[in-house]
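Here is a short report for a first look at this chain. It covers confidence first, then salt bridges.

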Amino acid sequence: MFKGFTRFLHSPGEQLKTLLDPQESTTTALSPRNIPRSEHPVSRQQISDAALKVLYRLSGAGYDAYLVGGCIRDALLGKMPKDFDVATNATPEQVRDLFRNSRLIGRRFRIVHVRFGREVIEVTTFRGKPQDEHGDHIAHQSDEGLLLRDNVWGNIEEDALRRDFTVNALYYNIADFSITDFANGAEDIKTRTLRLIGDPATRYREDPVRMLRAVRFAAKLDFTLDPATEEPMYDQAPLLLQIPPARLFDEVLKLFMSGHGLVTFRLMSHYGLFGMLFPEAEEAMADAAWAEELIEQALTNTDKRIAEERPVTPAFLLAAFLWAPVKQRQEELEQEGMPAIPALQAAAQQVVSRQLEHTSIPKRFGIPMREIWELQQRLPQRRGKKAFQTREHPRFRAGYDLLLLREQAGEIPRGLGDWWTAFQRGDEHEQRRLLQKVGGDPASQGDRRRKRRRKPSGPASE
């Protein structure tokens with residue numbers, strides 16, 4: 001573990017050792033590297049007008065104003081920055097007073113959102129190191145080391161120490177357009193290395209979500225995790241169980257809906273993180289070979305749609321993640337004598353109930369997810385008007401897509417998906433021909449129902 005860590009201490013960011021040794025004075029001077037405008041490619045033309053307005057207004061009011069984190073990292077990588085975060089020595093209240101179009105958010109970390117139409121600029125105050133004299137209402141840490149509240153203000157050097165990765169501890173100064181590199185992040189960008197600032201085990205205990213961020217950045221940026229950064233993840237993955245489900249759902253969206261979902265999934269599985277977020281899915285993958293293939297196919301399709309700038313919905317991806325456990329539970333309930341449709345509904349309820357203990361699922365995604373599952377029962381039923389009714393279902397396309405993935409993954413035989421593909425594309429004559437063939441199709445056996453025989457009616461006196 002400490003091989004890469006020792007190497008980090010011998011880098012130009014050597015003075016960061018103060019963070020790693022709590023006995024060291026937090027006032028130890030840093031020796032950051034200043035990169036003048038002439039030596040870096042970051043230009044104001046790459047910065048949004050909204051971010052520039054925030055920076056210049058803060059600077060004009062006498063406060064320090066820096067762009068920090070991912071936007072500078074991406075610019076140095078030759079990418080166009082998208083999200084702009086500002087760091088300043090102004091307190092949240094002072095920032096709010098400067099911007100009428102702003103609001104304070106957060107309790108664990110108090111920040112300010114400044115809104116310009118649809119664009120939101122996030123402004124954070126330089127954070128310092130919590131001291132004994134700070135009350136729990138300002139800084140509070142659990143017995144396990146989890147940061148529950150962190151609103152201690154400091155200076156830029158202290159703020160740099162609190163950043164997670166070296167490549168995010170880069171500060172662009174609007175006053176002279178220079179970049180201050182506190183942790184040798186520019187060199188790590190050149191070598192495409194993702195490295196935590198400080199002792200990784202301690203940083204993960206402070207905030208276990210950093211493990212998810214490490215995986216997400218590694219997948220998104222095509223970076224290699226520093227050995228010291230990755231080693232504790234294998235043992236500390238269960239720390240994610242401490243994180244509120246609502247926060248983890250937000251992380252799920254970032255992990256799998258950003259265009260790098262397949263690589264992210266494989267990394268998460270490698271480090272034992274996926275099962276902390278989706279335990280039912282991980283258990284199902286251990287029991288059914290097709291379950292993992294289904295998830296990978298769903299992520300491949302989602303990544304492709306995002307690359308093509310086509311719409312995607314978390315409801316479909318969640319339906320794919322949790323379909324295998326739903327299907328397994330349904331089969332168990334049917335073996336106990338429960339009819340297919342009630343068994344599916346009961347299985348869905350059981351799986352969702354357990355999932356909500358790990359990640360929340362808002363109703364706007366949970367309801368469509370269940371409808372996609374219910375369509376898996378309806379799609380084989382194509383007799384009479386049923387095919388036309390199913391095709392008009394608002395979730396038909398998502399249900400059809402999941403059906404195709406189930407066939408590709410090997411859960412069910414191929415054939416039904418081809419039938420529905422032809423039915424959608426065919427004219428009225430072709431659709432009639434397809435419906436006539438349904439009777440001899442094994443996939444349509446779900447259509448058959450035993451009709452109840454009516455009792456012959458007799459005289460009322462009988």
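## Confidence

pLDDT is the predictor's confidence in each residue, from 0 to 100. The model is predicted. Its chain has a mean pLDDT of 86. Of its residues, 83% reach 70 or more.

The highest mean, 98, belongs to helix H14 (residues 274–277). The lowest, a mean of 32, belongs to helix H1 (residues 2–9). Residues 1–30 have pLDDT below 50. Beyond near neighbours in sequence, this stretch makes 50 contacts in the model. The pLDDT is also below 50 over residues 445–462. That stretch has 11 contacts beyond near neighbours in sequence. Where pLDDT is low, the predicted coordinates should not be read in detail.

## Salt bridges

Side chains of opposite charge can pair when their charged atoms come close. How many salt bridges does the count give? The count comes to 21. Some of them are described below.

## Arginine 354 and its partners

Which residue does arginine 354 meet at 3.5 Å, N to O? The partner is glutamate 280, and their side chains form a salt bridge. Arginine 354 lies in helix H18 (residues 340–355) and glutamate 280 in helix H15 (residues 279–287), so the pair ties together parts that are 74 residues apart in sequence. Glutamate 280 is buried, because its relative accessible area of 5% is under the 20% cut-off. Arginine 354 is partly exposed, at 25% relative accessibility.

Arginine 354 also forms a salt bridge with glutamate 283, at 2.9 Å, N to O. This pair too links distant parts of the chain: arginine 354 sits in helix H18 and glutamate 283 in helix H15, 71 residues apart.

Aspartate 401 and arginine 397 meet through their side chains in a salt bridge of 3.5 Å, N to O. Both residues lie in helix H21 (residues 396–409). They are 4 residues apart, about one turn of the helix. Aspartate 401 is partly exposed, at 23% relative accessibility. Arginine 397 is partly exposed as well, with a relative accessible area of 49%.

Back to the shared partners. Which residues do such salt bridges join into one network? They are Glu280, Glu283, Arg329 and Arg354.

How values were computed:
Residues are numbered from 1 along each chain as its sequence is written. This is a predicted model: local features need pLDDT of at least 70, side-chain atom pairs count only at pLDDT 80 or more; totals for chains, interfaces and linings use all residues. Side-chain values use heavy atoms; hydrogens and water are left out. A salt bridge is a side-chain nitrogen of Lys or Arg within 4 Å of a carboxyl oxygen of Asp or Glu. Helices (H or I, at least four residues) and strands (E, at least two) are DSSP runs, numbered from the N terminus. Buried means under 20% relative accessible area, exposed over 50%, partly exposed in between (1.4 Å probe, protein chains only). Contact means heavy atoms within 4.5 Å.
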